[in-house]
Amino acid sequence: MFVKNISLQHYRNYEKLQLDSFGDVNLLIGQNAQGKTNLLEAIFVLALTKSHRTSKDRELISFEGGSAHLSAVVDKKYGPLTLDLTMSPQGKKAKINGLEQRKLSDFIGALNVVMFAPEDLEIVKGTPGIRRRFLDMEIGQVQPGYLYHLQQYQKVLNQRNNLLKQMWGKDSVKPGMLEIWDQQLVEHGVKIIKKRKQFIIKLQKWAETIHQGITSGGESLKLVYQPSFGDAEEEDEAYLFEQFMLKLSQVKDQEVRRGMTLAGPHRDDMAFFINGKEVHTYGSQGQQRTTALSLKLAEIELIQEEIGEYPVLLLDDVLSELDPYRQTQLIETFQSKVQTFITATGIESLNADKLKNANIYHVHAGQVDS
């Protein structure tokens with residue numbers, strides 16, 4: 001997979017930008033707040049139709065523009081694709097080779113990316129919500145059907161929560177209405193849980209091997225799914241359905257009192273263990289950083305395994321955060337294999353010998369010069 005060019009209009013601080021002829025490794029050099037991360041973010045948005053930095057699409061549109069337009073030509077193993085995405089206050093429109101896609105989920109997956117930024121350390125040491133978002137975005141890239149169940153689950157969850165709030169102290173609300181939402185919540189929920197479990201098993205396989213390599217065999221990394229009910233390893237949908245319904249019946253009174261749904265994939269988590277010790281609580285900063293690096297390198301291999309070609313790698317100001325050894329490990333992973341875009345404030349902070357064949361772009365105030 002290879003991004004040949006990109007065009008931006010009214011996107012962040014880019015009023016108009018056209019970049020052609022990207023190489024295998026592309027360095028975006030410039031001071032902070034000049035637009036380096038915005039350019040990487042644009043590639044990410046073309047892959048997933050949403051930003052990794054904000055949930056508010058309006059922030060992606062420049063002050064002068066009523067809408068933003070992003071486009072790129074992506075070479076894939078079966079031929080080139082032209083991707084177009086228009087974002088406005090009214091919503092998003094996505095096209096592949098000029099054909100408008102009925103659903104955004106039909107657009108997602110045309111371009112696959114792995115983003116690695118300093119904030120990705122939060123996947124390891126942050127809140128469960130960050131880890132759930134990580135799982136949802138990565139699974140959604142390679143299995144668009146997952147996004148359908150995720151969207152439907154969220155709609156049902158909102159409806160069910162609204163009903164629970166109405167039920168507190170009100171006899172007029174019929175309990176049977178809750179059972180209707182229970183059924184729909186569980187139907188979509190078990191699909192999400194099953195896909196997450198399968199994804200973590202595959203990610204574990206790659207992350208464990210990569211982590212052992214980075215630590216010269218000194219550390220063993222294990223990923224563990226932590227569902228809000230049932231067995232963490234069970235994937236049978238009938239079993240999951242039964243256990244989910246049982247859990248909802250057990251917490252129903254609590255849910256009515258609190259006005260919220262207390263069980264389901266929206267409350268699940270994932271944990272990381274190094275040599276049997278939980279990294280979030282007991283890991284050093286170096287171990288947390290290495291765990292995050294192992295996860296990202298594992299993502300690259302997992303996506304290749306799933307779709308038959310490597311994703312595009314986006315490294316946002318992350319190489320300067322790594323010591324020389326980890327820099328070398330990361331660079332050697334993507335060189336000659338994965339098209340990569342790297343942002344940095346200066347070339348001096350990077351392992352320049354390993355990047356001597358990179359294309360260099362200088363970014364200043366929304367302008368890019370090669």
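1. Rings of Phe, Tyr and Trp (its six-membered ring) are taken to pair if their centres lie within 6.5 Å. On that basis the structure, which is a predicted model, holds three aromatic pairs.

2. One of these pairs joins Phe-22 and Phe-341. The ring centres of Phe-22 and Phe-341 are 4.9 Å apart and the planes stand at 85°, so the pair is edge-to-face; planes over 60 degrees apart fall in that class. The pair links distant parts of the chain, 319 residues apart. Phe-22 belongs to the loop between strand E2 (14–19) and strand E3 (25–29), whereas Phe-341 is in strand E13 (residues 340–344). Both Phe-22 and Phe-341 are buried. Together with Tyr-361, Phe-22 and Phe-341 form one aromatic cluster.

3. Phe-229 and Phe-244 also form an aromatic pair, and this one is stacked, with 4.8 Å from centre to centre and 25° between the planes. The pair links distant parts of the chain, its members being 15 residues apart. Phe-229 is located in the loop between strand E9 (221–226) and helix H7 (237–258), and Phe-244 is in helix H7. Phe-229 is buried, as is Phe-244.

4. Two packed helices are described by the angle between their axes and the distance between the axes. For helix H4 (residues 128–142) and helix H9 (residues 285–307), the angle is about 25° and the axes are 10 Å apart. Angles under 35 degrees count as roughly parallel, and H4 and H9 are therefore roughly parallel to each other. The crossing of H4 and H9 is right-handed.

5. Which residues make the contact between H4 and H9? From H4, Phe-134, Glu-138, Gln-141 and Val-142 meet Lys-296, Glu-299, Ile-303, Glu-306 and Ile-307 of H9. The residues of this contact comprise four nonpolar, one polar and four charged.

6. Most residues other than glycine have a negative phi. His-10, which is not a glycine, has a positive phi of about 55°. His-10 is placed in strand E1 (residues 2–11) and has a relative accessible area of 28%, so this residue is partly exposed. Arg-12, likewise a residue other than glycine, has a positive phi near 50°. Arg-12 lies in the loop between E1 and E2.

Definitions and conventions: Residues are numbered from 1 along each chain as its sequence is written. This is a predicted model: local features need pLDDT of at least 70, side-chain atom pairs count only at pLDDT 80 or more; totals for chains, interfaces and linings use all residues. Side-chain values use heavy atoms; hydrogens and water are left out. Rings of Phe, Tyr and Trp (its six-membered ring) pair if their centres lie within 6.5 Å; planes under 30 degrees apart count as stacked, over 60 as edge-to-face and the rest as tilted. Helices (H or I, at least four residues) and strands (E, at least two) are DSSP runs, numbered from the N terminus. Buried means under 20% relative accessible area, exposed over 50%, partly exposed in between (1.4 Å probe, protein chains only). Axes are lines fitted to C-alpha atoms, for helices over the stretch in contact, and angles run from 0 to 180 degrees between N-to-C directions. Angles under 35 degrees count as roughly parallel, over 145 as roughly antiparallel, 65 to 115 as roughly perpendicular and the rest as oblique. A crossing is left-handed if the near helix is turned anticlockwise from the far one by less than a right angle, and right-handed if clockwise. Contact means heavy atoms within 4.5 Å. Ala, Val, Leu, Ile, Met, Phe, Trp, Tyr, Cys and Pro count as nonpolar, Asp, Glu, Lys and Arg as charged, and the others, Gly among them, as polar.
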